[in-house]
Amino acid sequence: MDAVTTEIFSQVAPALPYVIGVYAVLWIGLMVYVGLTLSRVGKLEKQLALVEEAFAKRG
Amino acid sequence: MDRKKLTYWALGVGALLTTVGFLLAFLVASPTQMMRTTDSGKGAIIAGSYISHLIDYGQKIFFFHVPVAIASFLVFFFAAYFAVRFLMTRDRMYDTKARIAMEVTLIFTTLTMLTGDLWTRWAWGVWWTWEPRLTTYLIMLLLVIGYFVLRASVEDEEKRAVYAAAFSIIAFLDAPISFAITRIVPAGSEAHPVVIGVPGGLSGEQLAAFLLAMFGMLAFGYVIYQLRSREELAKERIEALKAALED
């Protein structure tokens, strides 16, 4: 965007920070959900490895 | 490449593409094709230029809203596909796959409704209106929620799987209706915008930002589906092994 267009945007878009904020919150929310799911899966797979080990030992 | 590695790759690609899409949407993509008239209807001189329209930054939501909506339709399609496969084979694996795909559909449908509602408030000045796209999409959200209500209300596992599969296939019929409704119903004063597949809909940089965000979002859809599948598989295996150990 050129300087004039940027100036125009700053004059006519007072709610821009809110739009960016909402966009970012939803996007980050999705990333956090993926992160939490990844963490849960990691814990479960560790637990599964332990149970499998116990099962193998029992023979 | 095994599925686990592919999931991590998709996670990286999804994060990268949605981040680049986000930056492009706000820093590069021009909003000039989606302007709205000033509230007074009169122009003004700003920075030496005559302005007759307000720049509509609300449309920036588009770069998040549409990719998420497309992902919701696509994942819903896979849920219906797995439901069909279940009814054909009666293999419980397909029931689990369909349920997980419906969970992902619920996530994307909810995000679509939230972002769409924000745009509606910005562009039309109301939080809700019974416009055809909004109405059919709301029905889709309610059907997806209804799927989980149905599953929770049937105790017998076999019946639950059959009813849920039949319900999700019928519910999916709303997805193509919702997708095509803006092209079927004549546009009114508060019609949902149509920008894809119409002449002059998106400029080059807008299309680039949109495509990056869309492929990023589809990658996220794949990642969530795979992670939830692994979670369910691990849970089932742990329960089975625990039961075997107790015997």
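I counted the elements of chain B in this predicted model and found 7 helices and 4 strands. I then read their order from the N terminus: α-β-β-β-β-α-α-α-α-α-α.

I looked up burial in chain B next. Of its 247 residues, 38% are buried.

For chain A I recorded 2 helices and 0 strands. Buried residues come to 8% of the 59 in chain A.

I turned to the largest nonpolar core, which has 61 residues. Its members that touch the most others are A79(B), A98(B), A101(B), V104(B), A213(B) and V223(B). I traced which elements give two or more residues to this core: from chain A, α2 (16-58); from chain B, α1 (3-27), α2 (62-89), α3 (92-124), α4 (132-153), α5 (157-172) and α7 (204-246).

Which residues does V223(B) contact, leaving aside its neighbours within four places in sequence? I found V34(A) on the other chain, and T7(B), A10(B), L11(B) and G14(B) within chain B.

I took α3(B) last. This helix has 33 residues, and from its first C-alpha to its last I noted 46 Å. Just after α3(B) comes G125(B), for which I noted a positive phi of about 80°.

Notes
Residues numbered from 1 in each chain as written. Chains lettered and ligands numbered in written order. Predicted model: local features only at pLDDT ≥ 70, side-chain atom pairs only at ≥ 80, totals over all residues. Buried ≥ 20, exposed ≤ 12 C-beta atoms within 10 Å, placed from the backbone. Core = buried A, V, L, I, M, F, W, Y, C linked by C-beta atoms within 7 Å. Contact = placed C-beta atoms within 7 Å. Expected span 1.5 Å × (residues − 1).
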